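This report describes the interface between two chains and the annotated segments of one of them. The sequence and structure are shown first.

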Amino acid sequence: MPVPTKCLNMKLTFNVDHGYLEGLVRGMKAGILTSTDYHNLAQCDTLEDMKLHLQSTDYGKLLSSSEEDLTVSLVDSKLRANLVTEFSCLRSNALPPLSTFLDYITYSYMIDNVVMLITGALKQRDVAELLPRCHPLGAFDQMAAVGIARTPTELYSAILVDTPLAPFFQDAVSESNLDEMEAEILRNKLYKAYIESFHSFCKNIGGVTADIMCPVLEFEADRRTFIITVNSFGTELSGADKSALYPSCGKLYPEGLRLLAKAEDHEQVKAVANCYPEYKLIFDDPEPGADFKTLEDRFFEQEVKLNMLAFLQQFHFGVFYSYVKLKEQESRNIVWIAECVTQRQKSKIHNYIPIFPGTH
Amino acid sequence: MLLECMMNGHAILYTGVTLAFWSTILIVGICYTIFDLGFRFDVAWFLTETSPFMWASLGIGLAISLSVVGAAWGIYITGSSIIGGGVKAPRIKTKNLVSIIFCEAVAIYGIIMAIVISNMAESFKGNTPETIGARNYQAGYSMFGAGLTVGFSNLFCGICVGIVGSGAALADAQNASLFVKILIVEIFGSAIGLFGVIVAILQTSKVKMGD
């Protein structure tokens, strides 16, 4: 079917299955902290003050209901639990294809969990101490089984058969090299398979969802590529090995990936980034007088910018993905401010990344 | 290679049905032409042999059913957005019922026109084209046309008001001052349904069935 018809069809029938959830997620988006809230939080001197300020936001009594001492890690875990509750509320009411879309969002956390459990199991660590450290959004039924398996073969068949990550393992690894492979390489190979699969899924849905999600996912893929390249300086990772880790669904494919596989230092990476206008800005030297931002921070900023665009259109799935990512960024911001407050280092407290600047 | 392109089950189904339909039409047409039976394809015979009551009843049925489809479509699009948006912003619940009322008005136009058109159907004596008379034929066709007019214009009006109403509900949930502005867009959308009613009334104004 030609694209305009598909687009119209989506607009006309979207609300049958997904109208309520879109309204719900937009309501939750309205609760994202504004610049006034961040300003108030930055003025606080203790975590107790921050708790008081957060009570007047959408978070409500989240932090005040606990009996434990208020620490930054407690704040972090409570914020994460809040996001998980909201996400489960959305996921439990979702119908296909939204349910598949929301599952795709959880797979990236699942990959992190699985890699952590595999490395823990291969080092003969107890699974009970690893499970609480897993990200709750990426929980799946067979998580405990990953820890019990003692050989790579068992691990492979335990993972491969039951988990939703099975197709990504098939693409990425074969049975023999599961223990030789370092954790990071395994994680990157799984992530490559995952993001390419997610990208083609969004493209198949087409219409506005593809228009919003494909640039976001392409940016994610390219960001991973850059981070892998920058982190591989000084290690013995060869160009061919690096190429196997680069996702091919981004803007850098194919020329940029080829050049980055050969890059040996930061200047060459910057030269490649200069060919692409969006990435040129990220790798540029900051203007004199402006704050120095790390590469990670600049990538986060660009991610926030792309995710904010999702809320400009109606009747598509991008709002769900963007909401999860923006809420995560908000958690990172709050934790950053909390760290600055507890360590009394107020100089860098304004290095959080504002979300939806300009709204009252 | 053609089969590789059609990976989706739905695509295969639609292509197959379309192909079957057009090939039947083509083969029947060719057979009629070859066997010199072209005279059987007679539009005038069809139009004079079918009763004006069939056209009138079709018109009445389409008037009400397409209007109701339009209204229903609009109501569910707006309603689901109001319910979703109302969870976090309960204040939008009452104000946004106005959008639902605009959609409902579309169904009311449909039922009014259906009643008006059905009141024009009278019985007549006559069973051949000459005895039925031109006026009865004109009545039948007018009622059919009026039913189509009001049905389709209400269908699209209902969809339009529904989508705009959904946007209005979600915008109202974020920022209360936006609702009144978007309501103006809805009013314009709702006017097009009224145009259909006006034209349908004009179409049936000269209808006089009977002897």
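## Annotated segments and interface

In chain B, an unreviewed UniProt entry places the feature "transmembrane region" at residues 12-35, 55-76, 97-121, 141-171 and 178-202; such annotations may be inferred rather than shown by experiment. This is a predicted model, in which local features need pLDDT of at least 70 and side-chain atom pairs count only at pLDDT 80 or more, while totals for chains, interfaces and linings use all residues. Residues are numbered from 1 along each chain as its sequence is written, chains are lettered from A in the order in which they are written, and side-chain values use heavy atoms, without hydrogens and water.

Two of the annotated segments are tabulated below.

Contact (heavy atoms within 4.5 Å) links 16 residues of chain B with 18 residues of chain A. About 1,400 Å² is buried between the two chains, 63% of it on carbon and sulfur atoms; buried area is the accessible area (1.4 Å probe) lost on being put together, summed over both parts. On the chain B side, B:K88, B:L170 and B:Q174 lose the most area to chain A, together 36% of what that side buries.

The count between chain B and chain A is 1 salt bridge (a side-chain nitrogen of Lys or Arg within 4 Å of a carboxyl oxygen of Asp or Glu). B:K88 forms a salt bridge with A:D58, with the closest N and O atoms 3.8 Å apart.
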